Amino acid sequence: MKVYIGPYRSRWISTIHDKHMMRRYGLEWNDNQDWKDRAWERAEDALQWIYNNTINLYLDKVERKINIRIDREDTWSMDHTLAHIVVPMLKQLKETKHGSPYVDDVDVPEHLRNNSPNNKEFWNGDIDDNHHARWEWVLDEMIWAFEQKTRDGWEGDYYGEWIEDDTKALGGSFESCDSEGMKAHQKRMSNGFQLFGKYYEALWD
């Protein structure tokens with residue numbers, strides 16, 4: 001496999017009015033502007049018009065460079081192959097994200113759920129104290145699930161010591177097997193993959 005996905009093309013944007021207002025008023029500036037402020041605003045609009053009718057016309061037509069080559073062996077265990085790509089991307093998203101989407105209470109533990117009377121906080125603009133914590137938890141579960149998929153033989157964590165025995169067909173057997181622990185491990189993995197699918201369109205910053 002060989003993957004190259006180039007950066008997005010950034011349009012030119014004039015911000016001279018915004019910078020002027022920040023220098024003059026800081027974060028407290030509002031729509032009450034004097035003639036100097038309005039002059040900077042008109043200059044910004046004029047400069048943006050120039051950008052939009054020159055360089056941005058070119059930038060809007062330039063397509064993002066994407067080159068992907070899939071080798072035959074990449075699909076022998078496609079789930080395993082993709083996991084190696086998904087894990088670092090999820091980790092980077094978690095580190096650099098600037099917000100959180102609405103997460104259904106049913107997808108998180110009880111202590112992270114929104115128990116306020118109006119729990120549709122995403123739609124009315126208000127968020128409860130656990131809004132971002134719920135998304136952090138979902139991301140962590142996704143990351144954990146795909147990390148387990150990259151491991152070869154995680155099931156071995158639930159087997160006891162190997163006992164050699166020539167009377168056995170395989171030349172021995174494991175001393176014990178925690179089948180319930182293995183089932184719980186697989187269930188958590190499957191839930192992480194389901195969360196990945198459910199919130200796939202929220203995986204952006």
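Visitor: Which element gives the largest share of the lining of the largest pocket?

Guide: Helix α4 does, with eight residues. This is a predicted model, in which local features need pLDDT of at least 70 and side-chain atom pairs count only at pLDDT 80 or more, while totals for chains, interfaces and linings use all residues. Residues are numbered from 1 along each chain as its sequence is written, and side-chain values use heavy atoms, without hydrogens or water.

Visitor: What is a pocket, and how much space lies in the largest pocket here?

Guide: A pocket is an open set of points on a 1 Å grid over the protein atoms alone, where a 1.4 Å probe fits, with protein on both sides within 12 Å along at least five of seven lines; lining residues have an atom within 4 Å of a point. About 880 Å³ of space lies in the largest pocket, counted as the space filled by probe spheres set on the points. Its lining has 20 residues, and Ile5, Ile85, Met89, Tyr200 and Leu203 lie nearest the centre. β1 (2-5), like α4, supplies at least two lining residues.

Visitor: How many helices and strands are in the protein chain?

Guide: Helices (DSSP H or I, at least four residues) and strands (E, at least two) are numbered from the N terminus. The protein chain has seven helices and four strands, in the order β-α-α-α-β-α-α-α-β-β-α from the N terminus.

Visitor: Why do the buried residues of α7 line one face of the helix?

Guide: An α-helix has 3.6 residues a turn, so residues three or four places apart point the same way. Buried means under 20% relative accessible area and exposed over 50%, with a 1.4 Å probe and protein chains only. In α7 (residues 179-198), the buried residues are Gly181, Met182, His185, Met189, Gly192, Leu195 and Phe196. Seen down the axis of α7, they fall within an arc of 150 degrees (taken from the directions from the axis to the C-beta atoms), so they line one face. The face turned away carries the exposed residues Glu180, Lys183, Lys187, Gln194 and Gly197. The cover over the buried residues of α7 includes α4 (78-96) and α6 (131-150).

Visitor: Is Asn56 buried or exposed, and which residues does Asn56 touch?

Guide: Asn56, in helix α3 (residues 55-61), is buried, with a relative accessible area of 0%. Contact means heavy atoms within 4.5 Å. Leaving aside residues up to four places away in sequence, Asn56 touches Arg11, Trp12, Gln48 and Tyr51. A polar atom of the Asn56 side chain lies 2.8 Å from the backbone nitrogen of Trp12.

Notes:
Expected span 1.5 Å × (residues − 1). Polar contact = N/O pair within 3.5 Å; in protein donor to acceptor, adjacent residues only side chain to side chain.
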